[in-house]
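Subject: Structure handover

Hello,

Here is the structure I promised to pass on. Please load it before you read further.

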Amino acid sequence: MKSVLLRGAVAALFLGAVAYPALAQDAADTIKIGVVAAESGAFVSAGHTLPAGVSLAVKEINDEGGVKVGDKTYKLELLKRDDRTDISTAIAATQELVRDEKVAAIFGSETHDFTLAMAKITQPAKVLHFAGNSTLAKVLTDNSVTSGGEDHYLFQTEPQEFQRSGSTARGVLKLLEPLVGRPLKKSVLIVGNDATGQFLSSYYLAALKSEGQEVPDIIFYPPDTTDFSPFLTRAKSLKPDVVHFWYNGDSTLTALPQALELGVAPSYFLFGVDPGIWKEQGLSADVPVAMSCVPVCWGESSNPKAKAYFDAYFAAGAPKGVTSSVSLLYYDYVHFLAEAWEKAGSLDPDKTVEALKTLHHKGVVSDDLAFNATHQVTHATEVCAAAPGGDITCAMQEPPADAPKQ
């Protein structure tokens with residue numbers, strides 16, 4: 001989900017990404033699957049949700065008897081690897097899972113560049129690879145995913161960024177406008193100044209403009225900022241109707257109280273902050289505050305399946321965090337994959353790909369999860385708004401069909 005863009009010199013490590021021997025799962029009673037994610041380091045906030053979500057799905061499948069493939073039933077065995085928010089570690093872990101453990105599938109990473117590096121290993125080895133990154137459109141093309149293509153076994157489990165930004169912008173304005181009590185015409189973005197912030201804000205800017213918003217400025221702040229007053233003062237001078245804090249949820253929670261004290265705007269939007277955190281921390285505001293989750297909120301959801309999922313997720317020991325919902329970019333797809341194996345009647349990766357492309361899976365995020373021709377999903381994003389009195393309203397917002405013109 002958190003489609004972080006990192007840069008690293010990894011080409012030399014790809015030399016080890018040779019085509020590994022064919023998988024030998026048919027001879028065993030278990031199917032090994034792997035997850036590679038940041039369970040420590042800078043991206044742990046989102047990273048730790050991946051193994052938690054995948055673990056829950058594996059337990060549910062095994063508790064229900066396993067995966068019936070043809071006339072044989074398999075249990076799933078999950079192998080977790082912490083990449084420590086280090087791309088070299090992620091590559092080494094993927095090599096080990098593919099070469100030594102001979103996993104049939106890998107889930108991860110939460111980071112765009114890590115996923116691309118991992119795919120250099122999983123794809124030649126015909127290992128199915130699921131990644132919750134919104135930014136894979138440039139590599140998942142008609143040519144790359146075709147049989148024999150370099151990304152034939154790679155699947156994107158988060159909607160494309162123009163879809164996520166589009167549904168978020170539309171949902172934020174729709175929920176805030178009645179709470180403010182007048183049309184909202186002018187927005188200002190305040191964004192962490194790193195590669196991810198610069199990349200993602202370009203999509204959100206286009207989404208706001210497509211909703212008719214005047215956006216006079218994007219204000220970037222250094223990622224380690226704790227005193228936001230210079231940036232907030234600048235934002236206030238632009239007289240915005242909405243200040244959108246995009247994209248780091250932890251920084252956002254530091255900036256909002258300062259914005260409220262300065263009276264920067266009559267309404268705010270906090271990207272990536274779950275209303276559960278809002279309530280857990282006893283936060284409040286004297287103006288409307290919108291929040292969004294990726295993809296469904298755990299603290300207050302309009303999705304009828306979300307409560308049961310998150311009850312089980314937290315009961316299994318996962319902590320309640322700003323980005324706990326990121327786990328849903330992986331949980332549903334373990335069940336989806338099991339369904340594909342059963343439909344294919346085989347663990348053969350090519351037959352499994354064909355099954356994945358034809359199935360419509362009933363998941364938590366959506367009752368109709370399906371991959372398009374370039375192995376990408378589309379589904380709604382949940383947006384919530386806290387009224388000044390404390391009441392929180394949430395709604396699932398469908399994404400736009402097409403990318404706005406930039």
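Below are the findings, grouped by topic.

One caveat before anything else: this is a predicted model.

**Helix packing**

Start with H3 and H12. Helix H3 covers residues 49-63 and helix H12 covers residues 306-315. Their axes lie 10 Å apart and cross at an angle of about 105°. Angles of 65 to 115 degrees count as roughly perpendicular, so H3 is roughly perpendicular to H12. On the H3 side, the contact is made by Thr49, Ala52, Gly53 and Leu56. H12 contributes Tyr309, Ala312 and Tyr313. By class, the contact has 5 nonpolar and 2 polar residues. No charged residues take part in this contact of H3 with H12.

**Backbone points to check**

Two cis peptide bonds deserve a look. One joins glycine 108 and serine 109, with omega about 10°. Serine 109 sits in the loop between strand E4 (105-107) and helix H5 (112-122). Another cis bond runs from valine 294 to proline 295, and its omega is near 0°. Proline 295 belongs to the loop between strand E11 (289-292) and H12.

Next, positive phi values. Lysine 102 has phi near 55°, and the residue is not a glycine. You will find lysine 102 in the loop between helix H4 (87-100) and E4. Its relative accessible area is 28%, so lysine 102 is partly exposed. Lysine 126 also has a positive phi, about 60°, and is likewise not a glycine. Lysine 126 is placed in the loop between H5 and strand E5 (128-131). With a relative accessible area of 40%, lysine 126 is partly exposed.

**Aromatic pairs**

How many aromatic pairs does the structure hold? The count is 21.

Take phenylalanine 130 and phenylalanine 155. Their rings are stacked, 5.6 Å centre to centre, with 20° between the planes. Phenylalanine 130 lies in strand E5 and phenylalanine 155 in strand E6 (residues 154-156), so this pair ties together parts 25 residues apart in sequence.

Now phenylalanine 245 and tyrosine 268. This pair is stacked as well, with 6.2 Å between the centres and 15° between the planes. It links distant parts of the chain. Phenylalanine 245 is in strand E9 (residues 242-246), tyrosine 268 is in strand E10 (residues 268-270), and they are 23 residues apart. Phenylalanine 245 is buried, with a relative accessible area of 2%. Tyrosine 268 is buried at 1%.

Which residues do ring pairs link into a cluster? They are Phe107, Phe130, Phe155, Tyr333, Phe336 and Phe371. The stacked pair of phenylalanine 130 and phenylalanine 155 therefore sits inside this cluster, since Phe130 and Phe155 are both among its members.

**A charge over a ring**

One last item. Lysine 320 lies over the face of phenylalanine 314. The distance to the ring centre is 5.6 Å.

Best wishes

Methods
Residues are numbered from 1 along each chain as its sequence is written. This is a predicted model: local features need pLDDT of at least 70, side-chain atom pairs count only at pLDDT 80 or more; totals for chains, interfaces and linings use all residues. Side-chain values use heavy atoms; hydrogens and water are left out. Axes are lines fitted to C-alpha atoms, for helices over the stretch in contact, and angles run from 0 to 180 degrees between N-to-C directions. Helices (H or I, at least four residues) and strands (E, at least two) are DSSP runs, numbered from the N terminus. Angles under 35 degrees count as roughly parallel, over 145 as roughly antiparallel, 65 to 115 as roughly perpendicular and the rest as oblique. Contact means heavy atoms within 4.5 Å. Ala, Val, Leu, Ile, Met, Phe, Trp, Tyr, Cys and Pro count as nonpolar, Asp, Glu, Lys and Arg as charged, and the others, Gly among them, as polar. Buried means under 20% relative accessible area, exposed over 50%, partly exposed in between (1.4 Å probe, protein chains only). Rings of Phe, Tyr and Trp (its six-membered ring) pair if their centres lie within 6.5 Å; planes under 30 degrees apart count as stacked, over 60 as edge-to-face and the rest as tilted. A charge sits over a ring if NZ of Lys or CZ of Arg is within 6 Å of the ring centre and within 35 degrees of the ring normal.
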